[in-house]
Amino acid sequence: MTQKVRRLVQVRQLDWQPALFPTSRERQRHLRKIVDQLDELVTKQPHYSIVWTVPNVYLLQVLINYPSYKKKLKQLCSNKNLEITPYFAQLDWHCHSGELLLRNIEQGKNLAKQLDADAQLGWMSDTAAYVS
């Protein structure tokens, strides 16, 4: 019996490095380009699974500004080529109440459901530089 092996590629830290704060318009073009590149990658390498560790609010921005991308994102998620986390926004996990953290996950999972994504696994990235 042959087992299918998936290759993982991680997408993370889009714009919160202090020297690289893009405008909203620049970020939108950047996000659209990333989604296009992910789609091209899995077209060439269908066994790849991309892990989107950036907060889901960025995916929402893509859906709001480019509604035609919903089909592309749903296809990537339903085929398990794009794995997204349940986090809607990136929070400093040490500074917020438990309710806020749970609501953040709830919002992230709601968006994931719209994209036919599972969103069972999360990535607890280092947020120290982001919130300081």
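Predicted model: local features only at pLDDT ≥ 70, side-chain atom pairs only at ≥ 80, totals over all residues.
The secondary structure of the protein chain comprises five helices and three strands. Read from the N terminus, these elements follow the order β-α-β-α-α-β-α-α. Of the 132 residues in the protein chain, 35% are buried. Among contacts between residues at least 6 apart in sequence, 74% connect residues at least 24 apart.

Helix α1 spans residues 24-44 and helix α3 spans residues 69-78; their axes lie 11 Å apart and form an angle of about 45 degrees. The crossing of α1 past α3 is left-handed. On the α1 side, the contact involves R32, V35, D36, L38, D39 and V42, which meet Y69, K72, L73 and L76 of α3.

Y69, one of the α3 residues in this contact, also takes part in an aromatic pair with Y66. A pair of aromatic rings is described by the distance of the centres and the angle of the planes. For Y66 and Y69 the centres are 5.9 Å apart and the planes stand at 55 degrees, a tilted arrangement. The count of aromatic pairs comes to one. Both partners fall under the 20% cut-off for burial: Y66 counts as buried because its relative accessibility is 17%, and Y69 counts as buried because its relative accessibility is 11%.

The ring of Y69 has a further neighbour in K72, whose charged end sits over that ring at 4.7 Å from its centre. K72, like Y69, is among the α3 residues that meet α1.

Definitions and conventions. Residues numbered from 1 in each chain as written. Heavy atoms only, no water. Phe/Tyr/Trp six-rings, centres within 6.5 Å; stacked < 30°, edge-to-face > 60°. Buried < 20%, exposed > 50% of the residue type's maximum accessible area, 1.4 Å probe, protein only. Lys NZ or Arg CZ within 6 Å of the ring centre and 35° of its normal. Axes fitted to C-alpha atoms, helices over the stretch in contact; angles between N-to-C directions. Helix = DSSP H or I, 4+ residues; strand = E, 2+ residues; numbered from the N terminus. Left-handed = near helix turned anticlockwise from the far one by under 90°. Contact = heavy atoms within 4.5 Å.
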